[in-house]
Amino acid sequence: MKEKIVINWFRNDLRIQDNLSLYYASKLSKTLCVYIYDDSYEPQFLPGSASKAWLFRSLNELNETLDNNLKVFIGDAVNVFKKLTTKFEVSDVFCNKSYEPQQIEKDSQIKDYLSEIGINFNSSNSSLLWDTEKILKDDGTPYRVFTPFYKKGCLVYGDPRPPLPDFTPNVFQSELLISELNVLSELIDDDWDKKIKKNWHVGESAALNQLDIFLQNGIYNYKDGRNFPDNLNVSRLSPHLHFGEISPNQIWYAINENNNERNVSHFKSELGWREFSNNLLYFNPNFPTKNFQQKFDNFPWEFDTEIFNSWKNGTTGIPIVDAGMRELSETGYMHNRLRMIVGSFLVKNLLIHWSYGAEWFWECLFDADLANNSAGWQWIAGSGADAAPYFRIFNPILQSQKFDPDGKYIKRFVPELSKLPVEFLFSPWDVKDSELLKYDFKMGEDYPFPIIDLKFSRQRALDSFQKMGEKS
Ligand SMILES: Cc1cc2nc3c(=O)[nH]c(=O)nc-3n(C[C@H](O)[C@H](O)[C@H](O)COP(=O)(O)OP(=O)(O)OC[C@H]3O[C@@H](n4cnc5c(N)ncnc54)[C@H](O)[C@@H]3O)c2cc1C
């Protein structure tokens with residue numbers, strides 16, 4: 001007779017500690033640990049190149065922690081479960097909830113299949129601080145504005161669940177199954193892997209270590225310092241949170257121990273934005289592809305491949321924009337202030353639809369996350385819920401003067417400008433050729449002229465916004 005086991009299906013929860021599904025599975029029985037790279041989704045929902053490289057490393061870390069007992073499969077998850085349930089006597093499948101529409105749809109197919117053959121499908125919330133499906137206004141409709149969502153919907157709802165005590169999973173070892181972890185390596189772009197190696201540490205212990213670093217330094221001036229891209233005040237936990245190498249609950253309670261209230265509560269509210277993005281995605285499954293505010297369907301967008309490529313390559317001739325775009329392609333991360341600056345520049349100065357920006361971020365970010373990326377882009381475009389108003393157009397020169405006053409961030413990522421004194425750095429095209437020559441620098445040769453005039457494009461964006469209003 002076959003041994004009765006349970007399956008823990010890892011998804012974006014690539015950790016052992018504070019992992020509810022793994023904990024419940026282990027309490028019940030010997031647990032077969034499974035990860036499925038489901039390639040049956042539409043390409044837009046498959047991980048981008050940067051994410052795939054991170055995923056591969058993270059799975060390797062998890063596999064090592066599980067003493068080589070993580071079984072990785074590539075293919076449609078429904079078919080994988082059909083095979084597993086034929087091979088083994090399975091009583092239950094456990095997983096942590098995903099709020100992404102394509103995963104919800106797949107979970108429902110798998111739940112139906114399992115229920116037909118008498119297997120329980122158990123899912124828990126282990127990625128968000130609150131059960132997002134329950135966070136609704138008093139009238140039963142979803143929130144559209146962040147502050148009441150967070151303050152009334154989340155904080156009043158109650159404290160988030162404290163992390164679970166540390167435990168050792170009750171792992172089922174099987175020689176019958178061949179893991180396809182190594183096959184996955186064929187999908188990995190070597191360049192992105194090298195960028196991880198150079199800039200990041202991946203996996204559960206790296207995530208806890210990163211939290212520790214942040215608690216020892218960054219948190220002390222988080223509220224103000226988080227706006228300055230050259231400061232070490234942000235946590236850089238986003239890829240770890242996206243892949244679930246750490247839970248938001250572990251972060252929330254670790255940070256609570258710090259009695260630096262002003263900065264702690266601001267940091268928690270940023271975790272609140274993550275909750276809000278997921279809530280928006282859950283209640284609006286079209287959020288990644290459709291304007292949340294329908295009036296934006298009438299917006300007169302433009303598109304020019306050459307201009308878009310300059311933005312992607314960080315050769316727009318606007319130093320702070322180029323610095324942000326190069327940070328993205330060199331490190332797989334971009335500071336939040338820069339995400340807003342380059343986003344505003346793309347959507348407002350260049351009039352390119354936010355979905356092009358979202359797609360490029362999806363390809364290049366290690367933290368590419370369907371909820372946060374869609375919310376971030378719709379926020380900056382003005383088309384989202386509680387979004388920055390469209391007429392708020394970031395001035396990249398003023399932004400760089402304010403948030404990179406010494407020009408250190410610009411010089412780091414746009415080294416060809418580093419010979420210039422700081423007063424020339426933010427808009428070198430405004431400086432006379434003769435002045436630049438003193439520094440052996442020539443616009444158009446050492447650095448491109450701006451691809452667009454900022455004043456003209458600002459006015460054009462405002463006029464387009466007005467046209468949209470007239471049409472709707
Ligand atoms: C155009 C645009 C696209 C974005 N795309 C993504 C994305 O794909 N993935 C992603 O995780 N974040 C995205 N963000 C949100 C934000 O920029 C990043 O979460 C943040 O920069 C990550 O760095 P950190 O971990 O050092 O942040 P910290 O400031 O240390 O914040 C801690 C955590 O809080 C959450 N958080 C912080 N700010 C936000 C925010 N505005 N919205 C939602 N959650 C937030 C993140 O999980 C973050 O890791 C985007 C923002 C914009 C404007």
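Me: Okay, radius of gyration here is taken over C-alpha atoms, and the globule rule is 2.2 Å times the number of residues to the power 0.38. What radius of gyration does the protein have, and what would a compact globule have?
Reply: This is a predicted model, to start with. With 472 residues, the rule puts a compact globule near 23 Å, and the protein comes in at 24 Å, so the two agree.

Me: What box do the C-alpha atoms fill?
Reply: Roughly 85 × 50 × 45 Å, taken along the principal axes.

Me: And how much of the protein is buried?
Reply: Buried residues are 42% of the 472. As for contacts with a separation of 6 or more, 77% of them link residues 24 or more positions apart.

Me: How many helices and strands are there?
Reply: The protein has 22 helices and five strands.

Me: Which domains does the assignment give?
Reply: Domain 1 covers 4-126, domain 2 covers 183-283 and domain 3 covers 294-471.

Me: Let's stay with domain 2 and domain 3. How far apart are their C-alpha centres?
Reply: 24 Å. Across the interface, 19 residues of domain 2 are in contact with 21 residues of domain 3.

Me: Which elements give two or more residues to the domain 2 side?
Reply: Helix H7 (190-199), H10 and H12 do. H12 has the largest share of that side, with five residues.

Me: How does that side split by class?
Reply: Nine nonpolar, six polar and four charged residues make up the side of domain 2 that touches domain 3.

Me: Switching to the ligand. How many residues surround it, and which are the closest?
Reply: 27 residues surround the ligand, and the closest are Val234, Ser235, Ser238, Asn373 and Gly376.

Me: Which helices supply at least two residues of that shell?
Reply: Helix H10 (238-242), helix H12 (261-283), helix H15 (336-349) and helix H17 (370-381) each do. H10 and H12 also turned up on the domain 2 side facing domain 3. The shell draws at least three residues from each of domain 2 and domain 3.

Me: What's the class make-up of the shell around the ligand?
Reply: Eleven nonpolar, nine polar and seven charged residues.

Me: Is Arg236 buried, exposed or partly exposed?
Reply: Arg236 counts as partly exposed, because it has 18 C-beta neighbours inside 10 Å and that class lies between the exposed limit of 12 or fewer and the buried limit of 20 or more.

Me: What about Asn68, what's its phi?
Reply: Asn68 has a positive phi of about 70 degrees, and it is not a glycine either. Asn68 sits in the loop between helix H2 (49-65) and strand E3 (70-74). With 12 C-beta neighbours inside 10 Å, Asn68 counts as exposed.

Me: One more: where is the place of Pro160?
Reply: Pro160 is in the loop between helix H5 (146-155) and helix H6 (181-184). Pro160 is buried, because 20 other C-beta atoms lie within 10 Å.

Me: And what is Pro160 in contact with, leaving aside neighbours within four places in sequence?
Reply: Leu129, Trp130, Asn249 and Trp252. Take Trp252: Pro160 and Trp252 are 92 residues apart in sequence, and 8.2 Å apart in space from C-alpha to C-alpha.

Key: Residues numbered from 1 in each chain as written. Predicted model: local features only at pLDDT ≥ 70, side-chain atom pairs only at ≥ 80, totals over all residues. Near = placed C-beta within 6 Å. Helix = DSSP H or I, 4+ residues; strand = E, 2+ residues; numbered from the N terminus. Nonpolar A, V, L, I, M, F, W, Y, C, P; charged D, E, K, R; others polar. Domains from an automatic or database assignment. Contact = placed C-beta atoms within 7 Å.
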